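Good morning. Please have a look at the structure on the screen, and then I will go through it piece by piece.

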Amino acid sequence: MPRGISFVCLTALTLLSSAASAAAEYVVRPIAVPDMKAVFGQVESRRVVPARARIGGSLREIKVSEGTQVKEGEVVAIVVDDKLALELNAANAKIEALNAQQENARAEFERAQQLLARGAGTQVRLDQARMQLDVVVNQVAAAQAEKTVIEQRAREGEVLAPADGRVLTVPITLGSVVLPGEEIARIASGRYYLRLSLPERHATEIKQDALVRISQRGLSPAASSSIAEARPGRVAKVYPEITNGRVIADVDVDGIGDYFVNERTLVWIPVAQRSVLAVPPQVIVTRHGIDYVRVITDDGPIEIAVILGETIGTDDGSRIEVLTGLRDGDRISLPGGKP
């Protein structure tokens, strides 16, 4: 092989070896990660509305129980006022009496018309008969309106669900005497969410729309307390009023369910920022229970024992926090040359 070509090939191999060496390094730099605080969140319903009695009376029937799913307008219970049946009978009797008077008044009016036509009657008597008929007709209409009111009051004995949702409690027993406006059932309507209560020292650090991590619900068979396996959520609202040294925040999360209310579940929420050193998972080598990383020095690569922290998700992939053993600027050897 000519000498010039041999020199060129050797130079190319040297450059490729240098590029591969540079690509196989990972330089340790501090990264900012949120400092997550573990707290318990309580499952709440966006709205809890009462189904109230519209009339007073005795509770004759209860159609739902705790946990029942109801639709808006569905009958929850039936309240009966025995006096309404008596009032309805009285209204019917009054209408029958007025109908009889109306027939009599109409007959008198027709007789007055006939007498006036034959010249045996007067216009005054005809006008009086017409007025008497109009009065009775209006009295019949008023009595029918009163009957309609009584019938409507009887229909209002049906306690209706004010919204779609699930019945939380039925705080009254069958046969109880209820008053107008008394609560018959409590219904959780609207989406479920998590309510957090944190110490007020974190009030300025909690931001709306901040991402949080939610553990599997405690009543779930797949419950887990690992932050790496937790589901994401979002801080929907931070309340400005601090009560008893606690700041309240609401968290929206998908798949939280629609049955249990006031259940508690573990939530990790960012309350600060901290700087950490982290490395890709593939540079960690574990031997005899001790974790090592290969650090490139001027004298060659050496293995250094490290103590690891939690796994961190970044835009470049997952990283493992290194608590001790590395410094800013250390060069780590990457197996395969890929970070």
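In which helix is Ile95 found? Ile95 is found in helix H2; helices here are DSSP runs of H or I with at least four residues, strands are runs of E with at least two, and both are numbered from the N terminus.

Before I continue, two remarks on the source. This is a predicted model, where local features need pLDDT of at least 70 and side-chain atom pairs count only at pLDDT 80 or more, while totals for chains, interfaces and linings use all residues. Residues are numbered from 1 along each chain as its sequence is written, and side-chain values use heavy atoms, with hydrogens and water left out.

Back to Ile95. Its relative accessible area is 9%, so Ile95 is buried. Buried means under 20% relative accessible area, exposed means over 50%, and partly exposed is in between, with a 1.4 Å probe and protein chains only. Not counting residues up to four places away in sequence, Ile95 touches Ala143, Gln144 and Lys147; contact means heavy atoms within 4.5 Å. Ile95 and Val140 are 45 residues apart in sequence, yet 6.1 Å apart in space, C-alpha to C-alpha.

Next, the helix pair. H2 covers residues 82-118 and H3 covers residues 123-155, and the two pack at an angle of about 160 degrees with their axes 8 Å apart. Axes are lines fitted to C-alpha atoms, for helices over the stretch in contact, and angles run from 0 to 180 degrees between N-to-C directions. H2 and H3 are therefore roughly antiparallel to each other, since angles over 145 degrees count that way, under 35 as roughly parallel, 65 to 115 as roughly perpendicular and the rest as oblique. By class, the contact of H2 with H3 has 19 nonpolar, nine polar and 10 charged residues. Nonpolar here covers Ala, Val, Leu, Ile, Met, Phe, Trp, Tyr, Cys and Pro, charged covers Asp, Glu, Lys and Arg, and the others, Gly among them, are polar.

Now the strands. Tyr193 is found in strand E9, residues 183-199, and is buried at 5% relative accessibility. Leaving aside neighbours within four places in sequence, Tyr193 is in contact with several residues, including Gln42, Arg46, Asp250 and Ile256.

Is Val253 buried or exposed? At 3% relative accessibility, Val253 counts as buried, although this residue is found in the loop between E12 and E13. Setting aside neighbours within four places in sequence, Val253 is in contact with Arg191, Leu194, Ile214 and Pro232.

Two asparagines have a backbone feature to point out. Asn244 has a positive phi of about 55 degrees although it is not a glycine. Asn244 is in the loop between strand E11 (231-238) and strand E12 (246-252), and is exposed, with a relative accessible area of 76%. Asn262 has a positive phi of about 70 degrees and is not a glycine either. Asn262 is in the loop between E12 and strand E13 (264-279), and counts as partly exposed at 45% relative accessibility.

Last, the whole protein. The secondary structure comes to three helices and 18 strands. Buried residues make up 33% of the 339 residues.
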